[in-house]
Amino acid sequence: LIAAAIEVHRDKGPDRLESIYEWRLAAIFANCVVPQKLVTISHKGFTREEPLRFDLLVEDCVLIEAKCVQRISRFIKHTFELQETAQHSIGLLINFHRLKLTTGISRLIRPDANL
């Protein structure tokens, strides 16, 4: 996954629209990517299914959020919340704004993960 992100970054460079990076990654993993997942939300006895949107979910295992921002820190909590709601332990938060992409990759593993 990281190698694919680096390939996309090398091809397009930094500071493009996030959707361009998302689309390129989705094209690489065409047969094993979904952009949303139905989750069940419960509150005070009421339950409903709601589509949870995220950038990419690869092989129903790794949730990826692609960003192109100067400060990525505010998206860490958001990505953890997506992971928790989707019930996925592993996440990648990728900031395509960086000149060297490897400095913009955050591997996020939920504290309660059973790996």
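Predicted model: local features only at pLDDT ≥ 70, side-chain atom pairs only at ≥ 80, totals over all residues.

Visitor: How many residues does the largest nonpolar core have?

Guide: That core has 19 residues. Those with the most contacts inside it include Ala-5, Leu-25, Ile-64 and Phe-96.

Visitor: Which elements give two or more residues to it?

Guide: Helices H1 (2-12) and H2 (18-28), plus strands S2 (46-58), S3 (62-67) and S4 (90-95). H1 gives the largest share, four residues.

Visitor: And what is Ile-64 in contact with, leaving aside neighbours within four places in sequence?

Guide: Leu-1, Asp-55, Leu-56, Val-58, Leu-92 and Ile-94. There's also a second, separate core of seven residues, with Leu-52, Leu-57 and Leu-63 among them.

Visitor: Switching topic: Gln-83, buried or exposed?

Guide: Gln-83 counts as buried because its relative accessible area is 0%, under the 20% cut-off. This residue lies in helix H3 (residues 74-86).

Visitor: What does the side chain of Gln-83 reach?

Guide: The backbone oxygen of Ser-89, at 2.9 Å. Beyond four places in sequence, Gln-83 is also in contact with residues including Leu-63, Ile-90, Leu-108 and Arg-110.

Visitor: OK, and where is Thr-79?

Guide: In helix H3 too, and buried, at 0% relative accessibility. Its side chain reaches the backbone oxygen of Phe-75 at 2.9 Å.

Visitor: Which residues does Thr-79 touch, not counting those up to four places away in sequence?

Guide: Leu-63, Glu-65, Leu-93 and Leu-108.

Key:
Residues numbered from 1 in each chain as written. Heavy atoms only, no water. Buried < 20%, exposed > 50% of the residue type's maximum accessible area, 1.4 Å probe, protein only. Polar contact = N/O pair within 3.5 Å; in protein donor to acceptor, adjacent residues only side chain to side chain. Contact = heavy atoms within 4.5 Å. Core = buried A, V, L, I, M, F, W, Y, C linked by side-chain atoms within 4.5 Å.
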